[in-house]
Amino acid sequence: MDAFIANSQACARVLRLFTPAGKLFVVYNGVDDARVTPRTPADTVREQVGLPPRGAEAAWSSSSPAPLVFGFVGQNSPVKGADILIDAFARADVGEARLLMVGVSHDMWRPRCEALGIADRVHLVPHTESVSDMLQLMDAFVLPSRTESLPNTMLEAIRMGLPVIGSAVGGVPELVRGNGLLFPAGDIDALAAALGRMASDHATREAWAAASHAEGERYTIHARVDALEDIYAQLLRRRGLHTA
């Protein structure tokens, strides 16, 4: 084997125990444009999931008439930390903000939301094939996982220009580069504080959104293909072969 390609520096650190340094490369996953292109108008999707209508103002503007929407895309597995996010949202000082949770069971999580008194502000949506339809409704993306490698859901959120909050596990810290906040995995109070800051600091949230727009260029299919071509060319040169 001439090369082994990891999708994050976190993964590469583990592989370095078994792989010669000269054969190990890191290339981040690429998100197809279709994955970040909504199929349905935002107003239609908002009505479908029960979110209040949004005015013409930008989502992160303090004058926006609709409440801020935090978003999660995952599943019911404990690894994904849906319970952490629900508990933190209940504790957070976020005003009338809403929590849109995609890919989860209504029957499983509704009782917890009711017990915490936040059922009217949490919108539970089952698995959907068009994640971008849901991402377009969010003002900030939250990844509360207990463990991760390099989550494609966060890549998609970044490509759609969302500021992010992520647990500091696996490759997640590599994705939070001036575009949001990290918190220790499983720390409900720390996540609640991050939610509160995201909700209250309008100017910083806008700057984080702009940073995600810029960072998103690193996670396109074209960027991944270019990186892979560079590796192939390097390997050919090592063998004394010339590339065009």
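Reader: How much space lies in the largest pocket?

Author: A pocket is an open set of points on a 1 Å grid over the protein atoms alone, where a 1.4 Å probe fits and protein lies on both sides within 12 Å along at least five of seven lines. Grid points are joined across faces, edges and corners, and a volume is the space filled by probe spheres set on the points. Here the largest pocket holds about 260 Å³. This is a predicted model, in which local features need pLDDT of at least 70 and side-chain atom pairs count only at pLDDT 80 or more, while totals for chains, interfaces and linings use all residues. Residues are numbered from 1 along each chain as its sequence is written, and side-chain values use heavy atoms, with hydrogens and water left out.

Reader: Which residues that line the largest pocket are the closest to its centre?

Author: Lining residues have an atom within 4 Å of a point. There are 18 of them, and V73, G74, Q75, V102 and T153 are the closest to the centre. Helices (H or I, at least four residues) and strands (E, at least two) are DSSP runs, numbered from the N terminus. Two or more lining residues come from each of β3 (69-73) and α6 (152-159), and α6 gives the most, with 3 residues.

Reader: What is the order of the strands in the open sheet?

Author: Two strands pair if DSSP finds at least two bridges between them. The 6 strands follow the order β5-β4-β3-β6-β7-β8, with parallel pairing. At the edges, β5 (122-125) and β8 (180-183) each pair on one side only. Within the sheet, β3 is joined to β6 (residues 140-143) by 2 bridges, and F70 stands opposite A140 in β6.

Reader: At what angle do the axes of helix α8 and helix α9 cross?

Author: Axes are lines fitted to C-alpha atoms, for helices over the stretch in contact, and angles run from 0 to 180 degrees between N-to-C directions. The axes of α8 (residues 188-200) and α9 (residues 202-215) cross at roughly 95° and come within 6 Å. Angles of 65 to 115 degrees count as roughly perpendicular, and α8 and α9 are therefore roughly perpendicular to each other.

Reader: Which residues of α8 and α9 meet?

Author: Contact means heavy atoms within 4.5 Å. R197, M198, A199 and S200 in α8 meet H202, T204, R205 and W208 in α9.

Technical notes: Angles under 35 degrees count as roughly parallel, over 145 as roughly antiparallel, 65 to 115 as roughly perpendicular and the rest as oblique.
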